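Me: I have a new structure open and I'd like to talk it through. Can you take my questions one by one?

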Amino acid sequence: MMHGKEWVERTVKRSFQHLDLYVRRSAQMGVEMQGYIGIIMFASFILMVLVRVNRLKRKGIKAMQFGEMDKKDFLIPPFVLFYIYLLIANAFALPRPHTDIFQNEVISWLGVLFCGVAVVIFLLALLSFGKSFRVGLDEVNPGELITTGIFAISRNPIYTAFGIMLTGIFWIYPDWLFFIYMCVGIWLFNRQIRLEEKSLEKIYGNKYREYCKKVRRFL
């Protein structure tokens, strides 16, 4: 027969075990929810680009210039597809390499906030671009130089939005692979921006140089 003291100790132990299990499950559900939101926001980037490219195509404007001037651009899609797989795999517990750097629910929700900010900046950039939107460099029919709207705050709001999005996703899934993607992605954005700046200076000349003096490269 169990003594009163033993019964109390066992009851308390079981209570703590149940509480620990509940906390773990709640945390996991929270990360899943944040991951789902992150996937939706990342997918909205791709959807917005496709919709804008299609609309410009209907107006006779070839907005998709990806790989036209630099064939090395075609090295990018496989890495993007793997990134998308990592997002889906983490959200739905599919096979993937997985090593957390840290775990913090507050930071993961902050990551969701960053993703939301990125979507807003990206949408404002597309609206400000109008008919001048291009995917890739276009020195033949570049459109007019856009300096209004969000472009009065940042010369590269789309790349800024992507950088914020990658940072937000990393905070949702603080994994080494997402950290590497974030660092390499931001480095590549900066590299691409400098290439585009040379092209824009060639196209718009002094008008673009004066614009650069007034507006920051990012924020």
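Reply: Here is a short chat about this chain, from its overall layout down to single residues.

Me: What should I know before I start?

Reply: This is a predicted model, where local features need pLDDT of at least 70, side-chain atom pairs count only at pLDDT 80 or more, and totals for chains, interfaces and linings use all residues. Residues are numbered from 1 along each chain as its sequence is written, and side-chain values use heavy atoms, with hydrogens and water left out.

Me: How many helices and strands does the protein chain have?

Reply: It has 6 helices and 0 strands. The pattern along the sequence is α-α-α-α-α-α. Helices here are DSSP runs of H or I with at least four residues, strands are runs of E with at least two, and both are numbered from the N terminus.

Me: How much of the protein chain counts as buried?

Reply: 36% of its 219 residues. Buried means under 20% relative accessible area, exposed means over 50%, and partly exposed is in between, using a 1.4 Å probe and protein chains only.

Me: Which residues touch the most other members in the largest nonpolar core?

Reply: Phe45, Tyr83, Phe122, Phe133, Met165 and Phe178, out of 47 residues in that core. H1, helix H2 (76-92), helix H3 (105-129), helix H4 (157-172), H5 and H6 each give two or more residues to this core. A nonpolar core is a set of buried Ala, Val, Leu, Ile, Met, Phe, Trp, Tyr and Cys residues joined through side-chain atoms within 4.5 Å.

Me: What does Phe133 touch?

Reply: Not counting residues up to four places away in sequence, Phe133 touches Val49, Arg52, Val53, Leu56, Ala63, Leu126 and Ile158. Contact means heavy atoms within 4.5 Å.

Me: And Phe42, where is that?

Reply: Phe42 is in helix H1 (residues 4-58). Its relative accessibility is 9%, so Phe42 counts as buried. Beyond its neighbours within four places in sequence, Phe42 contacts Tyr83, Ile84, Leu87 and Met165. Phe42 and Val119 are 77 residues apart in sequence, yet 8.1 Å apart in space, C-alpha to C-alpha.

Me: New topic. At what angle do H5 and H6 pack?

Reply: Helix H5 (residues 176-204) and helix H6 (residues 206-214) pack at about 130°, with axes 6 Å apart. H5 and H6 are therefore oblique to each other. Angles under 35 degrees count as roughly parallel, over 145 as roughly antiparallel, 65 to 115 as roughly perpendicular and the rest as oblique. Axes are lines fitted to C-alpha atoms, for helices over the stretch in contact, and angles run from 0 to 180 degrees between N-to-C directions.

Me: Which residues make that contact?

Reply: H5 brings Glu197, Leu200, Glu201 and Tyr204, and H6 brings Asn206, Lys207, Tyr208 and Arg209.

Me: How many disulfides are there?

Reply: A search of the whole structure finds 0. A disulfide is a pair of cysteine sulfur atoms within 2.5 Å.

Me: Is Cys115 buried or exposed?

Reply: Cys115 has a relative accessible area of 0%, so it is buried. Cys183 is at 37%, so Cys183 counts as partly exposed.

Me: Last one. Where does Ala93 lie?

Reply: Ala93 lies in the loop between H2 and H3. Ala93 has a positive phi of about 55°, although it is not a glycine. Its relative accessible area is 60%, so Ala93 is exposed.
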